Amino acid sequence: MATNYSNWSLDKLNKEVDKIQRIIKSKEARDKKATLAKLVTVARKSGFELHELLGEDTIKIRNHKPVRTASKKPSKKRGKVAPKYKNPADSSETWTGRGRQPLWVKEFVENGGSLDQVTI
């Protein structure tokens, strides 16, 4: 049963195209999830995790926990670091020596000063 689209308005045709594209995306997503779940099952039956075989950081599957690679370790939170440098013009401004240099440090060094002069 073929549909004769030649009598349809352009607006109606565009709406139909959008509807079909949404259905296609939905079916593709559903098929991808099902295939990925099958792959995970086969890999686990063989004694592997899927990320070990594919080398991906994280693979998310519905009804499965994300799988992390051994190479990506969870980052440890670091404690606060004591300031190492103090602004000679304003002693309330300090810098630990980590990260981007504050403007007062940059200006001090550009004007001929050295970090040794402002070390606490």
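Okay, let's start with contacts: in the protein chain, residues 24 or more positions apart account for 19% of the contacts with a separation of 6 or more, where a contact means heavy atoms within 4.5 Å. Before I go on, this is a predicted model, so local features need pLDDT of at least 70 and side-chain atom pairs count only at pLDDT 80 or more, while totals for chains, interfaces and linings use all residues. Residues are numbered from 1 along each chain as its sequence is written, and side-chain values use heavy atoms, with hydrogens and water left out.

So, the overall layout. The protein chain has three helices and four strands, and along the sequence they run α-α-β-β-β-β-α. Those are DSSP runs numbered from the N terminus: helices are H or I with at least four residues, strands are E with at least two. Of the 120 residues, 13% count as buried; buried is under 20% relative accessible area, exposed is over 50%, and partly exposed is in between, with a 1.4 Å probe and protein chains only. The accessible surface comes to about 10700 Å², and 51% of that belongs to carbon and sulfur atoms. Areas are from Shrake-Rupley with a 1.4 Å probe, and for residues only the protein chains shown count as cover.

Now helix α1, residues 10-45. After α1 comes G47, with a positive phi near 90°.

On to salt bridges, meaning a side-chain nitrogen of Lys or Arg within 4 Å of a carboxyl oxygen of Asp or Glu. By that rule there are two. One joins K15 and D11, at 3.6 Å from N to O. These two sit four residues apart in α1, so about one helical turn separates them. As a reminder, an α-helix has 3.6 residues a turn, so residues three or four places apart point the same way. K15 is exposed at 53%, whereas D11 is partly exposed at 48%.

The other pairs R44 with E49, and their closest N and O atoms are 3.2 Å apart. R44 is partly exposed at 38% relative accessibility, and E49 is partly exposed too, at 27%.

Next, a bit of greasy surface. F48, L53 and L54 make a nonpolar patch of about 290 Å². Patch residues have over 30% relative accessible area and no salt bridge; like charges are joined within 9 Å, and nonpolar side chains (Val, Leu, Ile, Met, Phe, Trp, Tyr) within 5 Å. L54 belongs to helix α2, residues 50-54, and is partly exposed at 48%.

Last stop is N87, in the loop between β3 (85-86) and β4 (94-95). Buried or exposed, this N87? Buried, at 9% relative accessibility. A polar atom of the N87 side chain lies 3.0 Å from the backbone nitrogen of A89. The N87 side chain also makes a polar contact with the side chain of E93, at 2.4 Å. Polar contact means a pair of N or O atoms within 3.5 Å; within protein, one must be able to donate a hydrogen and the other to accept it, and residues adjacent in sequence count only if both atoms are side-chain atoms. Setting aside neighbours within four places in sequence, N87 is in contact with E93 and W104.
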